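Please open the structure in your viewer and keep the sequence panel beside it.

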Protein chains: 2
Amino acid sequence: MERTLTAKGTATRERIVAGAAARIREHGVAATTLDDIRERTATSKSQLFHYFPGGREELLLAVARFEADRVLADQQPQLGALTSWEAWEGWREKVLARYRAQGRACPLGGLLTQVGRATPGAQAVVAELMARWEAELAAGVVAMQRGGFVDTGLDAAREAAALLAGLQGGVLMLITTGRLTYLQAALDVGLERLRRAGGERPVP
Amino acid sequence: MERTLTAKGTATRERIVAGAAARIREHGVAATTLDDIRERTATSKSQLFHYFPGGREELLLAVARFEADRVLADQQPQLGALTSWEAWEGWREKVLARYRAQGRACPLGGLLTQVGRATPGAQAVVAELMARWEAELAAGVVAMQRGGFVDTGLDAAREAAALLAGLQGGVLMLITTGRLTYLQAALDVGLERLRRAGGERPVP
């Protein structure tokens with residue numbers, strides 16, 4: 001679906017996607033038509049068709065990718081450089097602040113449900129987001145091990161997978177119950193575990 | 001919606017719900033009509049209306065409750081008596097076995113999506129399931145603390161919330177990626193944390 005665009009074309013496309021994302025954040029995806037997006041982004045029908053020949057579904061997938069990028073961007077610069085406990089604590093704060101502000105609404109989830117979660121396009125967006133997220137966390141654990149802050153006996157990939165699971169479950173529980181407790185517990189317990197990982201291992 | 005039924009009435013209602021659940025597990029909720037359920041459970045139209053005056057939605061909610069009960073039942077007897085490391089390990093095995101068998105399909109999730117996740121009925125089913133699950137895990141942590149196996153300095157409620165978040169996120173990642181790694185990592189890391197919780201706490 002992606003074609004080669006000129007620099008100007010790329011900028012226009014990005015402007016449409018950002019405008020559509022803002023419109024959808026305000027009114028919800030179900031209540032946003034292509035006409036609403038044209039109006040919001042001052043785009044003609046032929047322009048919209050030029051950039052999104054696949055129509056509404058292609059545009060919504062582009063908005064989903066935009067929102068997925070934003071999930072990670074909201075955790076930067078810490079997520080990309082988890083090389084000290086300060087960075088991990090700062091990252092924890094950013095994650096909590098993002099989801100505290102978001103509450104029970106999930107812009108990305110709404111978009112993917114609308115496109116159809118089982119469609120290859122929607123699955124690719126989620127798979128890529130999770131893979132990047134997991135890789136950043138794993139790189140952070142490895143960096144802390146290299147720095148001598150975390151026990152090198154820990155499997156960094158497994159620690160990252162567990163952290164990501166706790167985080168995703170915490171967000172799911174926030175959406176389900178309206179409470180941030182689970183996300184907070186998952187992050188706090190996960191970080192404490194890394195901090196303690198150099199310690200003695202008592203036989204129970 | 002619940003009315004007082006005779007013992008026989010209750011048994012008939014339960015039989016219809018169990019039959020509907022089996023039909024839906026085999027064919028999916030979208031491909032299951034009230035007529036399919038009548039046929040499967042050998043029930044007349046007037047009988048079905050007698051037990052589920054609210055129609056398809058009321059029946060689907062009853063099936064959702066049935067599936068929610070089954071989520072917890074599949075983790076018994078260990079979940080209800082997490083009083084030794086053997087019980088915790090046995091519980092971990094049961095959770096993994098259940099979700100390994102289930103794979104990417106989620107019977108409860110499909111039902112709730114069909115009823116409408118935002119409806120009060122669907123939210124009540126999920127909220128009750130999560131509350132019971134969390135209470136069982138918290139009771140388990142407290143039991144281990146009383147037995148001297150887990151540091152009493154740990155906040156049992158927070159540990160249970162973190163475990164539940166990791167578990168939910170692990171299941172979500174299984175549905176998203178098809179891989180059990182995340183659920184396994186969340187459970188293993190969570191149990192290791194409890195086992196180590198009596199140990200020395202090094203200052204990082």
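What percentage of the 204 residues of chain A count as buried? The share is 48%, where buried means under 20% relative accessible area, exposed means over 50% and partly exposed lies in between, with a 1.4 Å probe and protein chains only.

Before going further, note that this is a predicted model, in which local features need pLDDT of at least 70 and side-chain atom pairs count only at pLDDT 80 or more, while totals for chains, interfaces and linings use all residues. Residues are numbered from 1 along each chain as its sequence is written, chains are lettered from A and ligands numbered from 1 in the order in which they are written, and side-chain values use heavy atoms, with hydrogens and water left out.

**Stop one: chain A by itself**

The C-alpha atoms of chain A fill a box of roughly 70 × 40 × 30 Å along the principal axes. Among the contacts in chain A with a separation of 6 or more, 69% are between residues 24 or more positions apart, a contact being heavy atoms within 4.5 Å.

**Stop two: both chains**

The same surface serves both copies, since 100% of the contact residues of chain B recur in chain A.

**Stop three: the interface**

Select the 36 residues of chain B that are in contact with 36 residues of chain A. The two chains bury about 3300 Å² between them, 64% of it on carbon and sulfur atoms; this is the accessible area (1.4 Å probe) lost when the two parts are put together, summed over both.

Across this interface there are four salt bridges, each a side-chain nitrogen of Lys or Arg within 4 Å of a carboxyl oxygen of Asp or Glu. Zoom in on A:Arg193 and B:Glu192, which form a salt bridge with their closest N and O atoms 3.0 Å apart.

Finally, colour helix 7 (120-146), helix 8 (156-177) and helix 9 (181-196) of chain B, the elements that give two or more residues to the side touching chain A. Helix 8 of chain B provides the largest share of that side, 13 residues.

Definitions and conventions. Helices (H or I, at least four residues) and strands (E, at least two) are DSSP runs, numbered from the N terminus.
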